[in-house]
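Me: Please go through the strand pairing and the overall fold of the following model.

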Amino acid sequence: MEKQIKIGMIGGGAIAKAHIIAYESVPLLHSLENVKPVFSIVADATEELASQAAAKLGFQKYYSDWKTLVSSPDVDLVDIVAPTYLHADVAVEAAENDKQILCEKPIAASAADARRMYDAARKAGVVNAMGFNYRRMPAVLLAKKLISDGALGKITQFRTSFLEDWGANPDMPFTWRYDSKRAGGGAIADLGSHILDISRFLIGEIRSVCGMQSTFIKERKIAYSPGETADVDVDDYTCALMQFENGTPGRLETSWASLGRKVYLDFEVDGTEGSVYFNFERPNELSYYSGKDPKDLQGHRTILMGPIHPYGSSFSFPATGSGAGFQDSLNNEIYEVLNAVATGSQLKPDFFDGWKVAQIIEAIQKSSSSQKWVDVN
């Protein structure tokens, strides 16, 4: 018997479109029998935007009030792709209405709001998935397996960065992303949340941080208001030293103003017996070094992702080297969410993971202001 999962989406922007493509792709690319996502309701900031989103994305109904959506009997899964400052109130009310939830990153504009979301979802017992989609890349999961299997030996050090360049444009107008109260941070929240999740996923919990932040463009023009500007109070650049609870030292760097870098998400894990390196600008490759190789053959080797790797059978053309990219990571994420909803199970990453990342972000911000090491709590 077919199980329909009725989707209610909050927000109708670019990431909403990517989610819709993922929902439509799951039945074709993944083995999820007798489950059908139904695009029931979309909500956006105004009636006009909601109407446009419904027409563009294929929803049956639309509202300009998200509260009506989260209380509707025509919604099983609330997919939150709205601005960060709306996440907490939407998620809490959705949980109180017994809706399953998928929330885009970062989880909220503060760790306190993130904790509210986590507590509400845990109390309701609903699916509470976080949109840390880069976890779902085959190469990232292979790196995790090599670490867990002991192929790298004892982990000695970790490095990660996420660099883009769209924020380097001084003519980009002021939006909520440049307001700390609504965004929770700049590059560290928007991009850094992803690599902080990967850091925890690969290495473990982070005990303390020492951060430094910079803002290069300190004011931006207000759109449609000639001559008016607004102050920017979020970071364009953040770097941090990290001390993991297991004793591993680490380093993080993120910027949305690094010219020439587009989606430069990378990490390197070194151990006593080997190392791995990944860069999302070459998403189907994992570089692996084994200290156990004969001396005359030692060196980093490139492993191409294919059908034998995690999620490999879901490639649109399942052949080694044929390629998976950003959309595939979302396809895999949406598959896991739909499977959890259909089976009544939980999944990771969840709101707990989102809350822990929010705590680390605030610790880095506090460290930058105080110029001291700060414990994560």
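Me: In strand 11, what is the bridge partner of Gly-211?
Reply: This is a predicted model, where local features need pLDDT of at least 70, side-chain atom pairs count only at pLDDT 80 or more, and totals for chains, interfaces and linings use all residues. Residues are numbered from 1 along each chain as its sequence is written, and side-chain values use heavy atoms, with hydrogens and water left out. Strand 8 (residues 206–214) and strand 11 (residues 237–244) run antiparallel and are joined by eight bridges. In strand 11, Gly-211 has as its bridge partner Ala-240.

Me: Which strands stand at the edges of the sheet?
Reply: Nine strands form an open, mixed sheet in the order 16-15-14-13-7-12-11-8-17; strands are DSSP runs of E, at least two residues, helices runs of H or I, at least four, both numbered from the N terminus. Two strands pair if DSSP finds at least two bridges between them. Each edge strand has a single partner strand, so one side is left without a neighbour in the sheet; these are strand 16 (301–304) and strand 17 (374–375).

Me: How many helices and strands does the protein chain have, and what is its radius of gyration?
Reply: The protein chain has eleven helices and 17 strands. The radius is taken over C-alpha atoms, and the globule rule is 2.2 Å times the number of residues to the power 0.38. For 377 residues the rule gives 21 Å, and the chain's value is close to that, so it is as compact as a globular protein of that length: 21 Å.

Me: What share of the residues is buried?
Reply: Buried means under 20% relative accessible area, with a 1.4 Å probe and protein chains only. Of the 377 residues in the protein chain, the buried share is 55%.

Terms used. Buried < 20%, exposed > 50% of the residue type's maximum accessible area, 1.4 Å probe, protein only.
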